[in-house]
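The exercises below are meant to be worked through with the sequence and the structure open side by side. Try each task before reading its solution.

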Amino acid sequence: MADVIKKATRDGYGDGLLALVEDKNVVVMDADLAAATKTGVFKKACPERFFDCGIAEGNMMSIAAGLASAGKTVFASSFAMFAAGRAFEQVRNSIGYPHLNVKIGATHGGISVGEDGATHQCNEDIALMRTIPGMTVINPADAVEAKLAVIAAAKTDGPVYLRFGRLAVPVIFDEATYKFEIGKSVRLTEGGDVTIIATGLMVNEALIAAEQLKADGIAARVINMATIKPLDREAVIAAAQETGAIVTAEEHSVIGGLGSAVADVVCETLPVPVLRVGVEDAFGKSGPAVDLLPLYGLCAANIAAKAREAVSRKA
Amino acid sequence: MEATRLQKLSAAATRIRMAVVEGTFRAKSGHPGGSLSIADMLAYLYTEELRIDPKNPNWADRDRFVMSKGHCAPALYGALALRGFFPEEEIKSLRHIGAMLQGHPCMTTTPGVDMSTGSLGQGVSTAVGMALAAKLDGKDYRAYAILGDGEIQEGQVWEAAMFAAHKKLSNLCVIVDNNDLQIDGTMDEVNSPYPIPEKFVAFGFNVVEIDGHDFDEIEAALSAARACTDKPTAIVMKTVKGKGVSFMENQVGWHGKGPNAEEYETAMQELRAALAAIEEG
(Lines give C-alpha, C1' and ligand atoms only; values in the text may rest on other atoms or scores of the structure.)
Protein backbone atom coordinates (compact mmCIF):
# COMPACT_ATOMS: atom_id res chain seq x y z
CA MET A 1 0.00 0.00 0.00
CA ALA A 2 3.04 2.22 -0.21
CA ASP A 3 1.79 3.89 -3.37
CA VAL A 4 -1.52 5.01 -1.85
CA ILE A 5 -2.01 8.73 -2.36
CA LYS A 6 -3.96 10.45 0.37
CA LYS A 7 -5.88 13.67 -0.13
CA ALA A 8 -8.81 15.23 1.72
CA THR A 9 -12.09 15.63 -0.12
CA ARG A 10 -12.05 19.30 0.92
CA ASP A 11 -8.98 19.63 -1.29
CA GLY A 12 -11.03 18.11 -4.08
CA TYR A 13 -13.59 20.86 -3.38
CA GLY A 14 -10.89 23.46 -3.92
CA ASP A 15 -9.83 21.72 -7.13
CA GLY A 16 -13.42 21.70 -8.35
CA LEU A 17 -13.91 25.39 -7.61
CA LEU A 18 -10.70 26.19 -9.42
CA ALA A 19 -11.96 24.26 -12.45
CA LEU A 20 -15.00 26.56 -12.48
CA VAL A 21 -13.07 29.80 -12.24
CA GLU A 22 -13.61 30.73 -15.91
CA ASP A 23 -17.38 30.58 -15.48
CA LYS A 24 -18.23 34.22 -14.82
CA ASN A 25 -21.53 33.22 -13.28
CA VAL A 26 -19.93 31.32 -10.43
CA VAL A 27 -19.68 33.12 -7.09
CA VAL A 28 -18.04 31.62 -4.02
CA MET A 29 -18.84 32.59 -0.44
CA ASP A 30 -17.37 31.66 2.88
CA ALA A 31 -17.84 32.47 6.55
CA ASP A 32 -14.31 33.09 7.77
CA LEU A 33 -13.04 29.59 7.07
CA ALA A 34 -11.64 30.00 3.56
CA ALA A 35 -8.30 28.41 4.37
CA ALA A 36 -9.91 25.37 5.97
CA THR A 37 -12.75 24.87 3.51
CA LYS A 38 -10.36 25.40 0.57
CA THR A 39 -12.47 28.16 -0.96
CA GLY A 40 -9.30 30.18 -0.43
CA VAL A 41 -8.05 28.54 -3.63
CA PHE A 42 -10.86 30.22 -5.55
CA LYS A 43 -10.38 33.48 -3.66
CA LYS A 44 -6.77 33.61 -4.77
CA ALA A 45 -7.63 32.89 -8.39
CA CYS A 46 -10.68 35.14 -8.56
CA PRO A 47 -10.98 37.59 -5.65
CA GLU A 48 -13.67 39.65 -7.40
CA ARG A 49 -16.14 36.77 -7.29
CA PHE A 50 -15.33 35.63 -3.78
CA PHE A 51 -17.22 37.04 -0.80
CA ASP A 52 -16.37 36.45 2.81
CA CYS A 53 -19.42 37.02 5.00
CA GLY A 54 -17.51 36.72 8.22
CA ILE A 55 -18.85 34.54 10.98
CA ALA A 56 -22.50 34.72 10.01
CA GLU A 57 -23.52 31.50 8.29
CA GLY A 58 -27.27 32.10 8.25
CA ASN A 59 -26.77 35.48 6.62
CA MET A 60 -24.40 33.92 4.10
CA MET A 61 -27.00 31.37 3.03
CA SER A 62 -29.69 34.01 2.53
CA ILE A 63 -27.31 36.33 0.64
CA ALA A 64 -26.42 33.33 -1.52
CA ALA A 65 -30.13 32.90 -2.21
CA GLY A 66 -30.40 36.55 -3.28
CA LEU A 67 -27.41 36.21 -5.60
CA ALA A 68 -28.84 33.01 -7.07
CA SER A 69 -32.20 34.69 -7.65
CA ALA A 70 -30.31 37.21 -9.77
CA GLY A 71 -28.81 34.47 -11.91
CA LYS A 72 -25.62 33.50 -10.11
CA THR A 73 -24.41 29.97 -9.39
CA VAL A 74 -23.34 30.30 -5.80
CA PHE A 75 -21.11 28.03 -3.74
CA ALA A 76 -21.62 28.86 -0.06
CA SER A 77 -19.14 27.27 2.28
CA SER A 78 -18.56 26.56 5.91
CA PHE A 79 -18.07 23.55 8.15
CA ALA A 80 -20.92 21.03 7.91
CA MET A 81 -21.90 21.81 11.49
CA PHE A 82 -22.60 25.44 10.66
CA ALA A 83 -23.70 25.11 7.03
CA ALA A 84 -26.28 22.39 7.65
CA GLY A 85 -26.75 22.81 11.37
CA ARG A 86 -26.66 26.46 12.32
CA ALA A 87 -27.98 27.67 8.98
CA PHE A 88 -30.50 24.86 8.50
CA GLU A 89 -33.49 27.12 8.44
CA GLN A 90 -31.94 29.62 6.03
CA VAL A 91 -31.01 26.71 3.77
CA ARG A 92 -34.56 25.37 3.97
CA ASN A 93 -36.46 28.63 3.57
CA SER A 94 -34.18 30.97 1.60
CA ILE A 95 -32.64 28.33 -0.69
CA GLY A 96 -34.67 25.12 -0.62
CA TYR A 97 -38.22 26.46 -0.79
CA PRO A 98 -37.58 28.72 -3.82
CA HIS A 99 -35.32 25.95 -5.26
CA LEU A 100 -32.47 28.38 -5.89
CA ASN A 101 -29.16 27.60 -7.50
CA VAL A 102 -27.01 27.50 -4.38
CA LYS A 103 -24.44 24.78 -3.83
CA ILE A 104 -23.58 24.32 -0.20
CA GLY A 105 -19.95 23.30 0.11
CA ALA A 106 -19.81 21.83 3.60
CA THR A 107 -16.42 20.67 4.75
CA HIS A 108 -15.35 19.01 7.99
CA GLY A 109 -18.29 16.62 7.92
CA GLY A 110 -18.30 13.72 10.36
CA ILE A 111 -16.16 12.61 13.23
CA SER A 112 -12.86 12.76 11.31
CA VAL A 113 -12.68 16.44 12.21
CA GLY A 114 -10.70 14.98 15.08
CA GLU A 115 -9.19 17.05 17.84
CA ASP A 116 -11.71 19.92 17.74
CA GLY A 117 -14.22 17.55 19.25
CA ALA A 118 -17.96 17.15 19.42
CA THR A 119 -19.04 20.75 18.75
CA HIS A 120 -17.39 20.60 15.33
CA GLN A 121 -18.04 16.95 14.43
CA CYS A 122 -21.25 17.02 12.46
CA ASN A 123 -22.88 13.60 12.22
CA GLU A 124 -26.34 14.95 11.48
CA ASP A 125 -25.98 16.99 8.29
CA ILE A 126 -27.00 14.32 5.79
CA ALA A 127 -30.16 13.64 7.79
CA LEU A 128 -30.99 17.36 7.95
CA MET A 129 -30.29 18.12 4.32
CA ARG A 130 -32.08 15.15 2.81
CA THR A 131 -35.36 16.14 4.44
CA ILE A 132 -35.45 19.37 2.40
CA PRO A 133 -37.58 18.89 -0.72
CA GLY A 134 -35.58 19.23 -3.93
CA MET A 135 -32.20 19.18 -2.19
CA THR A 136 -29.53 17.00 -3.78
CA VAL A 137 -27.10 15.52 -1.23
CA ILE A 138 -23.65 14.31 -2.28
CA ASN A 139 -20.90 12.83 -0.09
CA PRO A 140 -17.86 12.04 -2.27
CA ALA A 141 -15.56 9.14 -1.44
CA ASP A 142 -12.26 10.72 -2.44
CA ALA A 143 -10.75 13.94 -3.72
CA VAL A 144 -11.21 12.97 -7.36
CA GLU A 145 -14.88 12.32 -6.91
CA ALA A 146 -15.16 15.51 -4.85
CA LYS A 147 -13.77 17.61 -7.69
CA LEU A 148 -16.05 15.97 -10.25
CA ALA A 149 -19.06 16.36 -7.94
CA VAL A 150 -18.40 20.10 -7.65
CA ILE A 151 -18.30 20.44 -11.43
CA ALA A 152 -21.45 18.33 -11.79
CA ALA A 153 -23.23 20.37 -9.11
CA ALA A 154 -22.45 23.59 -10.97
CA LYS A 155 -24.14 22.15 -14.06
CA THR A 156 -27.23 21.07 -12.11
CA ASP A 157 -30.09 23.45 -11.55
CA GLY A 158 -31.24 23.87 -7.96
CA PRO A 159 -29.79 23.41 -4.50
CA VAL A 160 -27.06 20.86 -3.84
CA TYR A 161 -25.47 19.92 -0.52
CA LEU A 162 -21.88 18.75 -0.95
CA ARG A 163 -20.23 17.10 2.03
CA PHE A 164 -16.46 17.02 2.27
CA GLY A 165 -14.02 15.81 4.91
CA ARG A 166 -11.07 17.31 6.68
CA LEU A 167 -8.95 14.16 6.84
CA ALA A 168 -6.65 13.10 4.03
CA VAL A 169 -8.04 9.80 2.76
CA PRO A 170 -6.87 7.39 0.04
CA VAL A 171 -7.55 8.43 -3.52
CA ILE A 172 -9.58 5.60 -5.00
CA PHE A 173 -10.51 6.87 -8.43
CA ASP A 174 -8.50 7.79 -11.49
CA GLU A 175 -9.49 11.23 -12.68
CA ALA A 176 -8.67 10.33 -16.27
CA THR A 177 -11.24 7.54 -16.40
CA TYR A 178 -13.69 8.02 -13.54
CA LYS A 179 -17.16 9.16 -14.54
CA PHE A 180 -19.26 10.84 -11.88
CA GLU A 181 -22.96 11.27 -12.35
CA ILE A 182 -25.32 12.72 -9.76
CA GLY A 183 -27.79 10.07 -8.60
CA LYS A 184 -25.83 7.13 -10.00
CA SER A 185 -23.97 4.78 -7.68
CA VAL A 186 -20.87 2.94 -8.73
CA ARG A 187 -20.24 -0.76 -8.16
CA LEU A 188 -16.63 -1.20 -7.09
CA THR A 189 -16.49 -4.95 -6.46
CA GLU A 190 -18.64 -7.83 -7.58
CA GLY A 191 -20.08 -10.30 -5.10
CA GLY A 192 -23.26 -12.24 -4.54
CA ASP A 193 -23.32 -12.86 -0.78
CA VAL A 194 -23.81 -9.38 0.64
CA THR A 195 -23.73 -5.77 -0.54
CA ILE A 196 -21.88 -3.05 1.30
CA ILE A 197 -23.31 0.33 0.39
CA ALA A 198 -20.89 3.01 1.54
CA THR A 199 -20.47 6.73 1.23
CA GLY A 200 -17.68 9.22 1.88
CA LEU A 201 -14.52 7.99 3.53
CA MET A 202 -16.24 4.73 4.46
CA VAL A 203 -16.03 3.60 0.82
CA ASN A 204 -12.35 2.85 1.23
CA GLU A 205 -13.09 0.99 4.48
CA ALA A 206 -15.75 -1.00 2.64
CA LEU A 207 -13.19 -2.07 0.05
CA ILE A 208 -10.85 -3.24 2.81
CA ALA A 209 -13.75 -5.05 4.50
CA ALA A 210 -14.57 -6.83 1.23
CA GLU A 211 -10.99 -8.13 1.10
CA GLN A 212 -11.26 -9.35 4.71
CA LEU A 213 -14.54 -11.11 3.94
CA LYS A 214 -12.95 -13.06 1.10
CA ALA A 215 -11.00 -15.02 3.72
CA ASP A 216 -14.33 -16.18 5.14
CA GLY A 217 -15.55 -17.16 1.71
CA ILE A 218 -17.96 -14.23 1.58
CA ALA A 219 -18.11 -12.36 -1.72
CA ALA A 220 -19.19 -8.78 -1.06
CA ARG A 221 -20.49 -6.31 -3.60
CA VAL A 222 -19.25 -2.84 -2.70
CA ILE A 223 -21.26 0.12 -3.92
CA ASN A 224 -20.10 3.71 -3.69
CA MET A 225 -23.25 5.72 -2.98
CA ALA A 226 -21.92 9.25 -3.36
CA THR A 227 -25.35 10.72 -4.02
CA ILE A 228 -27.56 10.09 -1.02
CA LYS A 229 -30.40 12.10 -2.49
CA PRO A 230 -31.76 11.34 -4.99
CA LEU A 231 -30.82 7.81 -3.95
CA ASP A 232 -29.97 5.28 -6.65
CA ARG A 233 -32.97 3.11 -5.79
CA GLU A 234 -32.37 0.69 -8.63
CA ALA A 235 -28.94 -0.20 -7.29
CA VAL A 236 -30.34 -0.71 -3.79
CA ILE A 237 -33.20 -2.90 -5.01
CA ALA A 238 -30.81 -4.90 -7.18
CA ALA A 239 -28.53 -5.39 -4.18
CA ALA A 240 -31.44 -6.68 -2.09
CA GLN A 241 -32.59 -8.94 -4.89
CA GLU A 242 -29.23 -10.31 -5.95
CA THR A 243 -27.29 -10.51 -2.70
CA GLY A 244 -30.07 -10.79 -0.10
CA ALA A 245 -28.29 -8.79 2.60
CA ILE A 246 -27.04 -5.22 2.89
CA VAL A 247 -24.66 -3.35 5.13
CA THR A 248 -24.51 0.44 4.94
CA ALA A 249 -21.45 2.41 6.00
CA GLU A 250 -21.25 6.13 6.60
CA GLU A 251 -19.38 8.64 8.72
CA HIS A 252 -22.66 9.98 10.07
CA SER A 253 -25.30 9.11 12.60
CA VAL A 254 -27.09 5.84 11.90
CA ILE A 255 -30.23 7.95 12.30
CA GLY A 256 -31.38 9.64 9.12
CA GLY A 257 -28.39 9.20 6.86
CA LEU A 258 -27.45 6.70 4.15
CA GLY A 259 -28.43 3.73 6.31
CA SER A 260 -31.89 5.13 6.87
CA ALA A 261 -32.28 6.03 3.20
CA VAL A 262 -31.32 2.51 2.11
CA ALA A 263 -33.53 0.91 4.77
CA ASP A 264 -36.47 3.03 3.57
CA VAL A 265 -36.13 1.64 0.05
CA VAL A 266 -35.48 -1.96 1.10
CA CYS A 267 -38.37 -2.04 3.61
CA GLU A 268 -40.79 -0.71 1.02
CA THR A 269 -39.71 -2.92 -1.84
CA LEU A 270 -37.91 -6.12 -0.95
CA PRO A 271 -37.21 -6.60 2.77
CA VAL A 272 -33.84 -8.22 3.44
CA PRO A 273 -31.49 -7.72 6.43
CA VAL A 274 -30.01 -4.20 6.44
CA LEU A 275 -27.37 -3.49 9.07
CA ARG A 276 -26.02 0.00 9.49
CA VAL A 277 -22.48 1.08 10.28
CA GLY A 278 -22.38 4.67 11.49
CA VAL A 279 -22.18 6.73 14.65
CA GLU A 280 -24.56 5.09 17.14
CA ASP A 281 -26.61 8.04 18.42
CA ALA A 282 -23.69 9.61 20.24
CA PHE A 283 -21.69 12.82 20.23
CA GLY A 284 -18.06 12.66 19.21
CA LYS A 285 -15.04 13.65 21.27
CA SER A 286 -11.55 15.01 20.83
CA GLY A 287 -8.75 12.87 19.48
CA PRO A 288 -6.83 12.07 16.33
CA ALA A 289 -9.22 11.17 13.51
CA VAL A 290 -7.48 7.87 12.82
CA ASP A 291 -8.16 6.80 16.41
CA LEU A 292 -11.69 8.20 16.60
CA LEU A 293 -12.94 6.41 13.51
CA PRO A 294 -12.41 2.86 14.84
CA LEU A 295 -13.49 3.96 18.31
CA TYR A 296 -16.90 4.78 16.86
CA GLY A 297 -16.98 1.64 14.73
CA LEU A 298 -16.26 3.50 11.51
CA CYS A 299 -13.77 0.95 10.19
CA ALA A 300 -13.37 -2.02 7.90
CA ALA A 301 -13.38 -4.50 10.80
CA ASN A 302 -16.82 -3.36 11.95
CA ILE A 303 -18.18 -3.37 8.40
CA ALA A 304 -16.89 -6.94 7.94
CA ALA A 305 -18.43 -8.02 11.27
CA LYS A 306 -21.79 -6.52 10.29
CA ALA A 307 -21.53 -8.17 6.89
CA ARG A 308 -21.00 -11.58 8.47
CA GLU A 309 -23.98 -10.98 10.71
CA ALA A 310 -26.10 -9.86 7.77
CA VAL A 311 -25.16 -12.98 5.80
CA SER A 312 -26.02 -15.19 8.78
CA ARG A 313 -29.46 -13.60 8.98
CA LYS A 314 -30.34 -14.26 5.36
CA ALA A 315 -33.49 -16.30 5.01
CA MET B 1 -46.34 67.03 -4.22
CA GLU B 2 -48.96 68.13 -6.74
CA ALA B 3 -52.58 67.27 -5.98
CA THR B 4 -53.10 64.83 -8.86
CA ARG B 5 -50.14 62.67 -7.88
CA LEU B 6 -51.14 62.77 -4.25
CA GLN B 7 -54.64 61.77 -5.23
CA LYS B 8 -53.36 58.90 -7.34
CA LEU B 9 -51.08 57.64 -4.57
CA SER B 10 -53.76 57.95 -1.89
CA ALA B 11 -56.19 56.03 -4.07
CA ALA B 12 -53.59 53.32 -4.74
CA ALA B 13 -52.89 52.97 -1.01
CA THR B 14 -56.59 52.70 -0.26
CA ARG B 15 -57.01 50.00 -2.92
CA ILE B 16 -54.11 48.09 -1.37
CA ARG B 17 -55.87 48.38 2.02
CA MET B 18 -59.06 47.05 0.46
CA ALA B 19 -57.12 44.08 -0.91
CA VAL B 20 -55.71 43.44 2.57
CA VAL B 21 -59.18 43.42 4.12
CA GLU B 22 -60.63 41.37 1.24
CA GLY B 23 -57.84 38.80 1.33
CA THR B 24 -57.70 38.29 5.07
CA PHE B 25 -61.51 38.11 5.24
CA ARG B 26 -61.67 35.47 2.50
CA ALA B 27 -58.78 33.56 4.06
CA LYS B 28 -60.30 33.83 7.55
CA SER B 29 -56.70 34.44 8.63
CA GLY B 30 -53.61 36.44 7.75
CA HIS B 31 -52.01 39.62 9.01
CA PRO B 32 -54.02 42.78 8.37
CA GLY B 33 -52.38 45.08 10.97
CA GLY B 34 -48.84 45.20 9.58
CA SER B 35 -50.14 45.01 6.02
CA LEU B 36 -52.19 48.17 6.52
CA SER B 37 -49.27 50.04 8.09
CA ILE B 38 -47.13 49.64 4.95
CA ALA B 39 -49.85 50.29 2.36
CA ASP B 40 -48.74 53.87 1.70
CA MET B 41 -45.11 52.90 1.21
CA LEU B 42 -46.10 50.05 -1.11
CA ALA B 43 -48.38 52.35 -3.06
CA TYR B 44 -45.46 54.69 -3.67
CA LEU B 45 -43.01 51.89 -4.46
CA TYR B 46 -45.31 50.16 -6.93
CA THR B 47 -46.66 53.21 -8.70
CA GLU B 48 -43.66 55.56 -8.68
CA GLU B 49 -40.42 54.07 -7.48
CA LEU B 50 -39.73 50.57 -8.71
CA ARG B 51 -38.40 50.00 -12.22
CA ILE B 52 -40.48 46.95 -13.04
CA ASP B 53 -42.53 45.57 -15.91
CA PRO B 54 -45.66 43.54 -15.14
CA LYS B 55 -45.50 42.07 -18.64
CA ASN B 56 -42.00 40.81 -17.96
CA PRO B 57 -41.86 40.02 -14.24
CA ASN B 58 -38.49 38.28 -14.50
CA TRP B 59 -36.80 41.09 -16.44
CA ALA B 60 -33.13 40.74 -15.49
CA ASP B 61 -32.57 44.47 -14.98
CA ARG B 62 -35.65 45.17 -12.88
CA ASP B 63 -35.48 46.64 -9.41
CA ARG B 64 -35.99 43.97 -6.76
CA PHE B 65 -38.42 44.14 -3.90
CA VAL B 66 -38.32 41.77 -0.94
CA MET B 67 -41.14 41.63 1.59
CA SER B 68 -38.84 40.63 4.41
CA LYS B 69 -41.77 40.71 6.81
CA GLY B 70 -43.41 38.08 4.67
CA HIS B 71 -46.57 37.83 6.76
CA CYS B 72 -47.59 41.17 5.24
CA ALA B 73 -48.05 39.41 1.90
CA PRO B 74 -51.65 40.64 1.57
CA ALA B 75 -50.39 44.20 1.08
CA LEU B 76 -47.78 43.06 -1.43
CA TYR B 77 -50.43 41.12 -3.34
CA GLY B 78 -52.64 44.17 -3.36
CA ALA B 79 -49.80 46.26 -4.80
CA LEU B 80 -48.88 43.63 -7.40
CA ALA B 81 -52.49 43.25 -8.53
CA LEU B 82 -52.83 47.02 -8.72
CA ARG B 83 -49.74 47.20 -10.90
CA GLY B 84 -51.10 44.47 -13.17
CA PHE B 85 -48.95 41.47 -12.31
CA PHE B 86 -52.09 39.35 -11.90
CA PRO B 87 -55.88 39.88 -11.76
CA GLU B 88 -57.35 41.35 -8.58
CA GLU B 89 -59.65 38.32 -8.41
CA GLU B 90 -56.70 36.28 -7.14
CA ILE B 91 -56.90 38.16 -3.82
CA LYS B 92 -60.16 36.37 -3.10
CA SER B 93 -58.47 32.98 -2.99
CA LEU B 94 -55.59 34.08 -0.76
CA ARG B 95 -54.43 31.16 1.40
CA HIS B 96 -56.89 28.75 -0.20
CA ILE B 97 -55.94 25.26 -1.33
CA GLY B 98 -54.53 25.43 -4.83
CA ALA B 99 -54.34 29.22 -4.82
CA MET B 100 -51.51 31.13 -6.42
CA LEU B 101 -51.33 33.49 -3.45
CA GLN B 102 -49.72 31.65 -0.55
CA GLY B 103 -49.92 32.77 3.07
CA HIS B 104 -46.40 34.11 2.71
CA PRO B 105 -44.83 35.30 -0.58
CA CYS B 106 -43.73 32.51 -2.91
CA MET B 107 -41.51 33.48 -5.83
CA THR B 108 -42.07 30.24 -7.71
CA THR B 109 -45.84 30.65 -7.93
CA THR B 110 -46.52 34.38 -7.95
CA PRO B 111 -45.39 36.75 -10.71
CA GLY B 112 -43.76 39.86 -9.30
CA VAL B 113 -42.59 38.21 -6.09
CA ASP B 114 -38.80 38.44 -6.17
CA MET B 115 -38.12 36.29 -3.12
CA SER B 116 -39.95 33.74 -1.04
CA THR B 117 -40.10 35.04 2.50
CA GLY B 118 -41.85 34.45 5.78
CA SER B 119 -39.13 33.43 8.16
CA LEU B 120 -38.20 36.79 9.65
CA GLY B 121 -34.72 38.18 9.17
CA GLN B 122 -33.92 36.25 6.03
CA GLY B 123 -35.51 38.49 3.42
CA VAL B 124 -33.21 41.41 4.10
CA SER B 125 -30.17 39.16 3.53
CA THR B 126 -31.58 38.02 0.21
CA ALA B 127 -32.04 41.66 -0.79
CA VAL B 128 -28.38 42.19 0.09
CA GLY B 129 -27.54 39.30 -2.25
CA MET B 130 -29.56 40.94 -5.04
CA ALA B 131 -27.84 44.29 -4.52
CA LEU B 132 -24.49 42.51 -4.54
CA ALA B 133 -25.37 40.75 -7.82
CA ALA B 134 -26.18 44.12 -9.41
CA LYS B 135 -22.83 45.56 -8.34
CA LEU B 136 -21.02 42.44 -9.51
CA ASP B 137 -22.60 42.68 -12.95
CA GLY B 138 -22.21 46.45 -13.20
CA LYS B 139 -25.98 46.89 -13.45
CA ASP B 140 -27.96 49.80 -12.09
CA TYR B 141 -30.94 48.01 -10.62
CA ARG B 142 -31.73 48.51 -6.95
CA ALA B 143 -32.91 46.20 -4.17
CA TYR B 144 -35.56 47.19 -1.64
CA ALA B 145 -36.73 45.34 1.46
CA ILE B 146 -39.44 46.11 3.99
CA LEU B 147 -38.77 44.86 7.50
CA GLY B 148 -40.99 44.83 10.53
CA ASP B 149 -39.79 46.58 13.64
CA GLY B 150 -40.25 43.35 15.55
CA GLU B 151 -38.31 41.58 12.82
CA ILE B 152 -35.18 43.55 13.62
CA GLN B 153 -34.98 41.59 16.86
CA GLU B 154 -33.64 38.82 14.63
CA GLY B 155 -29.83 38.86 14.76
CA GLN B 156 -29.64 38.05 11.05
CA VAL B 157 -30.92 41.54 10.23
CA TRP B 158 -27.79 42.99 11.78
CA GLU B 159 -25.54 40.42 10.12
CA ALA B 160 -27.05 41.56 6.84
CA ALA B 161 -26.66 45.23 7.77
CA MET B 162 -23.00 44.75 8.69
CA PHE B 163 -22.27 43.06 5.38
CA ALA B 164 -24.23 45.59 3.28
CA ALA B 165 -22.40 48.54 4.77
CA HIS B 166 -19.05 46.77 4.55
CA LYS B 167 -19.63 46.19 0.83
CA LYS B 168 -20.96 49.76 0.38
CA LEU B 169 -24.16 48.50 -1.23
CA SER B 170 -25.61 51.91 -2.01
CA ASN B 171 -28.17 50.21 -4.26
CA LEU B 172 -29.81 48.66 -1.19
CA CYS B 173 -32.69 50.35 0.58
CA VAL B 174 -34.19 48.77 3.67
CA ILE B 175 -37.40 50.16 5.06
CA VAL B 176 -38.32 49.53 8.68
CA ASP B 177 -42.03 49.63 9.43
CA ASN B 178 -42.03 51.03 12.94
CA ASN B 179 -45.65 50.50 14.00
CA ASP B 180 -44.42 49.70 17.51
CA LEU B 181 -46.54 46.58 17.95
CA GLN B 182 -45.63 42.92 17.76
CA ILE B 183 -47.61 39.80 18.63
CA ASP B 184 -46.85 39.77 22.34
CA GLY B 185 -47.30 43.52 22.88
CA THR B 186 -45.54 46.82 22.31
CA MET B 187 -41.89 46.83 21.36
CA ASP B 188 -40.98 48.17 24.78
CA GLU B 189 -42.93 45.48 26.55
CA VAL B 190 -41.41 42.63 24.55
CA ASN B 191 -37.77 43.42 23.79
CA SER B 192 -37.01 46.98 22.79
CA PRO B 193 -34.99 47.49 19.61
CA TYR B 194 -34.94 51.25 20.23
CA PRO B 195 -33.34 53.51 19.22
CA ILE B 196 -33.63 52.12 15.69
CA PRO B 197 -32.10 54.92 13.57
CA GLU B 198 -29.00 55.11 15.76
CA LYS B 199 -28.45 51.39 15.39
CA PHE B 200 -28.48 51.61 11.59
CA VAL B 201 -26.18 54.65 11.73
CA ALA B 202 -23.79 52.66 13.89
CA PHE B 203 -23.86 49.85 11.33
CA GLY B 204 -22.82 52.29 8.62
CA PHE B 205 -26.12 53.15 6.95
CA ASN B 206 -27.47 56.35 5.53
CA VAL B 207 -30.59 56.76 7.70
CA VAL B 208 -33.76 58.69 6.97
CA GLU B 209 -36.61 58.98 9.47
CA ILE B 210 -40.07 59.65 8.15
CA ASP B 211 -43.79 59.47 8.76
CA GLY B 212 -44.70 56.36 6.77
CA HIS B 213 -48.13 57.75 5.93
CA ASP B 214 -46.87 60.98 4.38
CA PHE B 215 -46.24 60.67 0.63
CA ASP B 216 -44.02 63.75 0.49
CA GLU B 217 -41.77 62.29 3.14
CA ILE B 218 -41.80 58.86 1.48
CA GLU B 219 -40.79 60.44 -1.81
CA ALA B 220 -38.04 62.49 -0.24
CA ALA B 221 -36.65 59.49 1.64
CA LEU B 222 -36.54 57.23 -1.43
CA SER B 223 -34.97 60.03 -3.39
CA ALA B 224 -32.34 60.49 -0.67
CA ALA B 225 -31.66 56.76 -0.79
CA ARG B 226 -31.04 56.91 -4.53
CA ALA B 227 -28.81 59.96 -4.10
CA CYS B 228 -26.57 58.23 -1.57
CA THR B 229 -23.70 56.62 -3.45
CA ASP B 230 -21.46 55.22 -0.74
CA LYS B 231 -23.75 53.55 1.78
CA PRO B 232 -26.90 51.48 1.93
CA THR B 233 -29.94 53.40 3.16
CA ALA B 234 -32.33 52.57 5.96
CA ILE B 235 -35.66 54.37 5.98
CA VAL B 236 -37.16 54.14 9.44
CA MET B 237 -40.81 55.03 9.13
CA LYS B 238 -43.21 55.69 11.96
CA THR B 239 -46.50 54.06 11.11
CA VAL B 240 -49.81 53.11 12.65
CA LYS B 241 -50.54 49.42 12.75
CA GLY B 242 -53.94 48.81 11.15
CA LYS B 243 -53.85 52.25 9.47
CA GLY B 244 -56.97 53.13 7.53
CA VAL B 245 -59.42 50.81 9.27
CA SER B 246 -60.52 52.63 12.42
CA PHE B 247 -61.13 49.63 14.66
CA MET B 248 -57.84 47.98 13.69
CA GLU B 249 -55.62 51.01 14.30
CA ASN B 250 -53.06 50.51 17.05
CA GLN B 251 -54.74 47.27 18.12
CA VAL B 252 -52.23 44.47 18.54
CA GLY B 253 -55.07 41.97 18.33
CA TRP B 254 -55.25 42.70 14.60
CA HIS B 255 -51.71 41.49 14.00
CA GLY B 256 -52.69 38.05 12.86
CA LYS B 257 -56.38 37.39 12.31
CA GLY B 258 -58.88 37.94 9.55
CA PRO B 259 -62.03 40.06 10.02
CA ASN B 260 -65.40 38.35 10.40
CA ALA B 261 -68.28 39.21 8.06
CA GLU B 262 -69.47 42.15 10.12
CA GLU B 263 -65.98 43.55 10.61
CA TYR B 264 -65.30 43.06 6.92
CA GLU B 265 -68.37 45.10 5.97
CA THR B 266 -67.47 47.89 8.37
CA ALA B 267 -63.87 48.02 7.16
CA MET B 268 -64.83 47.99 3.50
CA GLN B 269 -67.41 50.73 4.03
CA GLU B 270 -64.75 52.90 5.62
CA LEU B 271 -62.28 52.23 2.83
CA ARG B 272 -64.85 52.76 0.08
CA ALA B 273 -65.81 56.07 1.68
CA ALA B 274 -62.15 57.04 1.91
CA LEU B 275 -61.62 56.14 -1.75
CA ALA B 276 -64.69 58.13 -2.81
CA ALA B 277 -63.43 61.14 -0.86
CA ILE B 278 -60.01 60.86 -2.49
CA GLU B 279 -61.47 60.54 -5.97
CA GLU B 280 -63.73 63.54 -5.41
CA GLY B 281 -60.60 65.46 -4.50
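**Exercise 1. A pair within one helix**

In which helix of chain A do A:Glu211 and A:Lys214 both lie, and how many residues apart are they?

Solution. The model is a predicted one, in which local features need pLDDT of at least 70 and side-chain atom pairs count only at pLDDT 80 or more, while totals for chains, interfaces and linings use all residues. Residues are numbered from 1 along each chain as its sequence is written, chains are lettered from A and ligands numbered from 1 in the order in which they are written, and side-chain values use heavy atoms, with hydrogens and water left out.

Helices here are DSSP runs (H or I, at least four residues), as are strands (E, at least two), and both are numbered from the N terminus. A:Glu211 and A:Lys214 both belong to helix H9 of chain A, residues 202-214, where they are three residues apart, about one turn of the helix. Their side chains meet in a salt bridge with an N to O distance of 3.1 Å, a salt bridge being a side-chain nitrogen of Lys or Arg within 4 Å of a carboxyl oxygen of Asp or Glu. A:Lys214 counts as exposed because its relative accessibility is 55%; buried means under 20% relative accessible area, exposed over 50%, and partly exposed in between (1.4 Å probe, protein chains only).

**Exercise 2. Pairs that link separate parts**

Which parts of chain B are tied together by B:Arg62 and B:Asp114?

Solution. Begin with the contact itself, a salt bridge between the side chains of B:Arg62 and B:Asp114 at 2.9 Å, N to O. B:Arg62 lies in the loop between helix H3 (39-49) and strand S1 (64-67) of chain B, and B:Asp114 in the loop between helix H4 (73-83) and helix H5 (122-136) of chain B, so the pair ties together parts that are 52 residues apart in sequence. B:Arg62 counts as buried because its relative accessibility is 8%, and B:Asp114 counts as buried at 5%.

Then turn to chain A, where A:Lys306 forms a salt bridge with A:Glu280, the closest N and O atoms being 3.9 Å apart. Because A:Lys306 lies in helix H13 (residues 300-312) of chain A and A:Glu280 in the loop between strand S14 (274-279) and helix H12 (289-295) of chain A, this pair ties together parts that are 26 residues apart in sequence. A:Lys306, at 18% relative accessibility, counts as buried.

**Exercise 3. Chain A against chain B**

Which element gives the most to the side of chain A that touches chain B?

Solution. The contact takes 24 residues from chain A and 26 residues from chain B, and the two chains bury about 1900 Å² between them, 62% of it on carbon and sulfur atoms. A:Phe51, A:Asn59 and A:Tyr97 supply 26% of the area that chain A buries against chain B, more than any other three residues.

One salt bridge is counted between chain A and chain B, and the side chains of B:Asp137 and A:Lys72 meet in a salt bridge at 2.5 Å, N to O. Strand S3 (50-52), helix H4 (57-69) and helix H6 (88-96) of chain A each supply at least two residues of the side that touches chain B. The answer is H4(A), which gives eight residues.

Conventions. Contact = heavy atoms within 4.5 Å. Buried area = accessible area lost by both parts, 1.4 Å probe.
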